[in-house]
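Student: Could we go through this one together? I'd like to start with the side chains and then ask about confidence.

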Amino acid sequence: MRIPFRVFSDILVYFFFSALILLFVDEVFLKEAIFYKQIAVKTFFLMLLSLFVLYRASRYRLDSYISVFTVMLFVAHYGQIWYVAWFNETDYLLGFTNILNIFTPENIIRSCNFSTIAIIFMISGIIFIFNLNYRKTNTAEVDKFHCSLTLYKHVAWAFIFLFFPFQIYILYLRYYTFNTAGYLASVLSVSKVPGILSAFGELSSTGMALLLVSYQNNIKKQSVCFLFLSIYFSVFMVIGWRNTAVTNLIILGIIFFSTVKLSTCHKKVLGFVLISLAVIAINVSRETRSGTSISIGEIFRVIPLLLMDFGAALYSLIESLIHVGVTQPEWYGVGYVAHAITIFPNIFGIYDGLTYYIVEHFLPETIGKGGSIIAELYCNFLYSGCLFAPFIGILIGWVSCLFSRELKGNPFIIAALYPFMVSSLFWIRNSISSVYRATFWNLIVLIFLTYLFTLPKKRLGHK
C-alpha cells in the first residue's frame with residue numbers, strides 16, 4: 001500500500017509548529033516569567049495546536065473521542081501546573097497538595113519535557129492513522145445498519161439482563177460501605193470482590209451502549225434511554241466512583257449526539273446543559289469523596305476545580321523519572337505484555353504480583369495519586385519511551401476511525417469497541433491493565449450472543 005505524502009507532511013508541519021511553541025514562546029513573551037508559567041503557556045498552546053491539526057487531519061470534522069482524549073491527556077499531566085500559574089500559588093490548593101512545593105524545579109521541568117515530547121509523538125501517531133484511514137460512511141453500510149437494529153436491540157437487552165445484576169451488587173456494596181466507613185473503605189470493599197464478577201458487571205455497559213444505538217430511529221425512546229443512563233451513572237458519582245461514571249458517560253454521550261435525530265441547534269443547547277450539569281456533579285463528587293464541606297461558590301469554580309482534580313498525573317511521572325533506572329529497575333516493555341494474562345480468571349493466583357507493573361504500586365509514593373499513561377511509557381522504556389508513544393497514538397486513532405465509520409454502519413463494531421474506548425480514557429491516569437480484560441471478554445460475549453440471536457434466522461433460511 002502506497003502511503004500518501006500528506007501523511008508525513010502533516011506530521012512534519014505539526015512537529016515544526018510544536019517546536020516553535022516550545023522554543024520561542026517563552027523567549028518572546030515570557031522571558032522573565034517563572035518556569036511554571038512558561039510551562040503552562042507553552043503546553044496550553046500546544047494543546048490548541050494539537051486539536052487544530054487533528055481537526056484538519058480528520059477532514060475538518062470534529063472527532064469527539066479524539067478531542068476528549070487529547071484534552072484529558074493535557075489536563076491530566078499539566079492541570080495542576082496550569083492552576084498554579086493562573087489561579088493560585090498556595091501550598092494546598094482546594095484540598096490537593098501543590099506538587100511544586102514537593103519536587104525541585106529541575107525534576108518538574110525534566111518531567112514536563114518528557115511528557116511534552118511523548119504527547120507530541122502520540123498525537124503524531126493519531127495524525128498518521130487519520131490521514132491514512134479516515135473515510136466517509138457509504139450508503140450500503142447505512143442500509144445494512146438499519147436492517148440490524150432490531151437484532152442488536154435483542155443483544156443489548158441480553159447483555160443487560162445477564163450482567164446488570166453483577167454491577168448493581170457492586171454498586172450496592174460500594175454505596176453501603178461508603179455510607180458506613182467512607183470512600184477509601186468503599187474502594188477496598190470492591191477490591192475484595194472476585195475480579196471476574198467486576199468484569200461481568202462492566203459488561204452491562206456494553207448493553208447500554210447498544211441499546212442507545214438501536215433506538216436511534218425513535219428520538220423519544222433514545223432520549224429517555226440516555227437520560228436514564230445519565231441518572232444511573234450520576235449515582236456512581238455520589239459515592240465518589242467517578243472514573244467509571246465519567247468515562248462511560250463521555251462515550252455514551254458521543255454515541256447519543258452522533259446518532260440522535262435532533263437539529264444542530266437543539267444538540268448544542270442540550271450538550272451545553274448536560275456538560276454544565278456534569279461539571280457540577282464532578283465537583284460535588286470530589287467534595288463528597290474528600291468528606292469536606294461544600295459551598296455553592298466552590299461548586300461553580302469550575303475550571304480551577306477540574307484542573308486540580310484531574311491534573312495530578314504529573315506526580316507519578318515525576319516519581320518515575322526520579323526513581324526508575326536509579327533506585328528501581330525499568331520494565332523493558334514487560335509492563336505492556338504481562339497484563340494480557342488478566343483476561344483469564346485468577347486461578348491459583350496466576351497473575352498475583354502484576355500490580356508491580358502498575359506505576360501507582362511500583363512506586364509507593366504514588367499510591368492514592370493515580371497512574372499515568374506517560375509514566376508507564378517511562379517505566380517500560382526510560383527516555384526511549386517517547387519512540388513507542390506513536391504506536392499508542394496509532395492504536396487510539398485506528399479505534400476512533402473505525403468507530404466513526406461504523407457508527408452508522410455496524411452495531412457489532414460499536415459494541416466491540418465500546419469497552420476499549422471507555423478504558424482508554426481511564427488509561428490516561430491509570431495503566432494498560434484497565435484495557436485488556438474488558439475488551440477481551442466483551443468481544444467473546446458479543447460474538448456468542450450475536451450468534452445466538454442470528455441462529456434462528458439461519459435455520460429458517462435453510463428451511
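**Salt bridges and confidence**

Tutor: D10 and R56 form a salt bridge, with 2.7 Å between the closest N and O atoms; the term covers a side-chain nitrogen of Lys or Arg within 4 Å of a carboxyl oxygen of Asp or Glu. This is a predicted model, where local features need pLDDT of at least 70, side-chain atom pairs need 80 or more, and totals for chains, interfaces and linings use all residues. Residues are numbered from 1 along each chain as its sequence is written, and side-chain values use heavy atoms, leaving out hydrogens and water.

Student: How many residues apart in sequence are the parts that D10 and R56 tie together?

Tutor: D10 sits in helix α1, while R56 belongs to helix α2 (residues 35–57). Helices here are DSSP runs of H or I, at least four residues, numbered from the N terminus. So the pair ties together parts whose separation in sequence is 46 residues.

Student: Is D10 buried or exposed?

Tutor: Buried means under 20% relative accessible area, exposed over 50%, partly exposed in between (1.4 Å probe, protein chains only). D10 has a relative accessible area of 9%, so D10 is buried.

Student: Which element has the lowest mean pLDDT?

Tutor: pLDDT is the predictor's confidence in each residue, from 0 to 100, and the protein chain averages 83. Helix α17 (residues 373–381) has the highest mean, 95. The lowest mean, 46, goes to helix α5 (residues 139–147).

Terms used. Helix = DSSP H or I, 4+ residues; strand = E, 2+ residues; numbered from the N terminus.
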